[in-house]
Amino acid sequence: MAVARRILWNILTKVTCVDPSLPTSTAEQTAAKPSRPAPQRFSGKVALITGVGDRGLGGAIADRLAREGAAVVIGSRHEPERLLRRLRKQGRDVVFAQADVRSTDDVTRLVDAGMEEFGKI
């Protein structure tokens, strides 16, 4: 459990950290550090993420994995419309299935949606 928490912490801090050595304005940051595409560490992988909302932990994880090349299967009781719209606008591979992880049928439907769309999980 501690290892999983540490891995999650590492992912999240890379998502939300601000480098204090960078200039504060967006224009200064752009001039000081040219933008680079995110490394494609998860290219060819499919991630299944549950409990995703438009904001918060699940959304940040889905966004980061998608930016790093993963196809993302999102399962949640409520559709995270803004997150899905943003990921699709960026050209990310994403599929949503409404699911409550307390229900075996919902989890099966979620996995099936991912398998149907991407051929693997």
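Biologist: How far does the backbone oxygen of His 78 lie from a polar atom of the side chain of Ser 76?

Modeller: Bear in mind that this is a predicted model, where local features need pLDDT of at least 70 and side-chain atom pairs count only at pLDDT 80 or more, while totals for chains, interfaces and linings use all residues. Residues are numbered from 1 along each chain as its sequence is written, and side-chain values use heavy atoms, with hydrogens and water left out. A polar contact is a pair of N or O atoms within 3.5 Å; within protein, one must be able to donate a hydrogen and the other to accept it, and residues adjacent in sequence count only if both atoms are side-chain atoms. For the Ser 76 side chain and the His 78 backbone oxygen, the distance is 3.1 Å.

Biologist: Is Ser 76 buried or exposed?

Modeller: Buried means under 20% relative accessible area, exposed over 50%, and partly exposed in between, using a 1.4 Å probe and protein chains only. Ser 76 comes in at 8% relative accessibility, so the label is buried.

Biologist: Which element holds Ser 76?

Modeller: Helices (H or I, at least four residues) and strands (E, at least two) are DSSP runs, numbered from the N terminus. Contact means heavy atoms within 4.5 Å, and leaving out residues up to four places away in sequence, Ser 76 touches Gly 51, Val 52, Phe 96, Ala 97, Gln 98 and Ala 99. Its own place is in strand β2.

Biologist: How many of the six residues of β2 are buried?

Modeller: Ala 71, Val 73 and Gly 75 point one way from the strand, and Val 72, Ile 74 and Ser 76 point the other way. Residues on both sides are buried, so by the under-20% cut-off the count for β2 is six of six.

Biologist: In what order do the three strands sit in the sheet?

Modeller: Two strands pair if DSSP finds at least two bridges between them. Five bridges join β1 to β2, and five join β2 (residues 71–76) to β3, with Ile 49 partnering Ile 74 on one side and Ile 74 partnering Phe 96 on the other. β1 and β3 are at the edges with a single partner strand each, so one side of each has no neighbour in the sheet. The sheet is open and its pairing parallel, in the order β1-β2-β3.

Biologist: What is the handedness of the unit made by β1, α3 and β2?

Modeller: Looking with the strands pointing away from you, a crossover is right-handed if the path from the first strand over the helix to the second runs clockwise. β2, helix α4 (residues 81–89) and β3 also make a right-handed β-α-β unit. For β1, α3 and β2, the β-α-β unit is right-handed.

Biologist: Where is Asp 63, which counts as buried?

Modeller: Asp 63 has 14% relative accessibility, so it falls on the buried side. Leaving out residues up to four places away in sequence, Asp 63 touches Arg 86, Leu 87 and Gln 90. Its place is in helix α3.

Biologist: What share of the residues of the whole protein chain counts as buried?

Modeller: There are five helices and three strands, running α-α-β-α-β-α-β-α from the N terminus on. Of the 121 residues, the buried share is 30%.
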